[in-house]
Amino acid sequence: MTSQTGEAAQSTHMADVPYGPQTKITIERKGHVVLFGINRPSIDNRLDPEATEGLARAYYDYDRDPSLRAAVLFGHGNRFSRGVDVDAYKAFAQSGHKMMDGPGFIDPLGRSGPALTKPLVVAVHGDTWNMAHELFLVADIRIASEDTEFGQDENTHGRFPGGGATVRFPREAGWGNAMRFILTGDHWGAREALRMGTVQDVTPNRDAALAKAIGIANKIAACGPLGIRTSLASSHLAIEDASAALAKLDAQYRALYATRDFREGRDAQAEKRPPVYEGP
């Protein structure tokens, strides 16, 4: 990653991290969209501490790159991910080191701040278990291939879902739906996830899921980025405190009035042409 100079000492311009056999997290820029790929297919795309920190660093740099407006998370190989690499995490814990210790990270499980302020779309296929399902639940929009099998079966192994599923799964799917799978450890498919509302679209296969996710990300990237960011901020606040979110709406709208993007959106609509947004 290379830092930009001037006003945004904290802004970054993300560099591509090409696919390779030793690359755990790939990064591919596509205009205003960036693709993050989990790449450990030899062990079912399970995430070790290095891969988790790599994804956390990628989220952080994406959030601070003014040229990027939407991100897509997917998995290379035959499955999205079977979750955590238990042996690697056990060895890391015994080393005495801490995960994401210091600045420059956004927890991809969303357990602590800072949080993403830009949209994240996820495309899953094949096995999407435990920590992988928790990564999936953090995304704003979720696409699943028909062959996806979800799992949150930690309780069958004497553990519990410690990556956020106990919070996000009941909120997204409803209490009974979430407890049905968290407490039994039973797995479920893409159509069941669509019924519960944790998936927004189901596609025939992996390639179609990724293409659908990229298409959605491109539609988001064509919108005004300041309005998108404000929409996310307001919606996230509403989950925590609906009254506070409602109270802030007028101030948020007044702030947008003063931006070039607001004027550009209005002018483009009047002139019947596609808008060209600058963003922050």
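## Close-ups: helix pairs, salt bridges and backbone

**View 1. Helices H3 and H4 cross in a left-handed way.** Left-handed here has the near helix turned anticlockwise from the far one by less than a right angle, and right-handed has it turned clockwise. This is a predicted model, in which local features need pLDDT of at least 70 and side-chain atom pairs count only at pLDDT 80 or more, while totals for chains, interfaces and linings use all residues. Residues are numbered from 1 along each chain as its sequence is written, and side-chain values use heavy atoms, with hydrogens and water left out. Helices (H or I, at least four residues) and strands (E, at least two) are DSSP runs, numbered from the N terminus. The axes of H3 (residues 131-138) and H4 (residues 165-173) come within 10 Å and cross at roughly 55 degrees; they are lines fitted to C-alpha atoms, for helices over the stretch in contact, with angles from 0 to 180 degrees between N-to-C directions. That makes the pair oblique (under 35 degrees is roughly parallel, over 145 roughly antiparallel, 65 to 115 roughly perpendicular, the rest oblique). On the H3 side, His 133, Glu 134, Leu 137 and Val 138 make the contact, and they meet Ala 165, Arg 168 and Phe 169 of H4 (contact: heavy atoms within 4.5 Å). By class, that is 4 nonpolar, 1 polar and 2 charged residues; Ala, Val, Leu, Ile, Met, Phe, Trp, Tyr, Cys and Pro are nonpolar, Asp, Glu, Lys and Arg charged, and the others, Gly among them, polar.

**View 2. H8 and H9 make a right-handed crossing.** H8 (residues 225-240) and H9 (residues 242-257) have axes that come within 8 Å and cross at roughly 165 degrees, so the two run roughly antiparallel. H8 brings Leu 226, Gly 227, Thr 230, Ser 234, Leu 237, Ala 238 and Glu 240 to the contact, while H9 supplies Ala 242, Ala 244, Ala 245, Lys 248, Leu 249, Gln 252 and Leu 256. Sort these residues by class and you get 8 nonpolar, 4 polar and 2 charged.

**View 3. Asp 65 and Arg 29 pair up in a salt bridge, with their closest N and O atoms 2.8 Å apart.** A salt bridge means a side-chain nitrogen of Lys or Arg within 4 Å of a carboxyl oxygen of Asp or Glu. Asp 65 sits in the loop between helix H1 (49-63) and strand S5 (70-75), and Arg 29 in strand S3 (residues 25-30), so the bridge ties together parts that are 36 residues apart in sequence. Asp 65 is buried, at 0% relative accessibility (buried is under 20% relative accessible area, exposed over 50%, partly exposed in between; 1.4 Å probe, protein chains only). The structure has 24 salt bridges in total, and a network of them links Lys 24, Arg 40, Asp 48, Glu 50 and Asp 85.

View 4. Arg 260 is partly exposed at 35%, whereas Glu 264 is buried at 7%. Glu 271 bridges to Arg 273 with closest N and O atoms 2.6 Å apart, and Arg 273 is partly exposed at 30%. Lys 272, in the segment after H10, has a positive phi near 55 degrees and is exposed at 75%.

**View 5. Gly 113 and Pro 114 are joined by a cis peptide bond, with omega about -5 degrees.** Most residues other than glycine have a negative phi, and most peptide bonds are trans. Pro 114 lies in the loop between helix H2 (86-95) and strand S6 (120-124). Met 100 is also in the loop between H2 and S6; its phi is positive, near 50 degrees, and Met 100 is buried at 17%.
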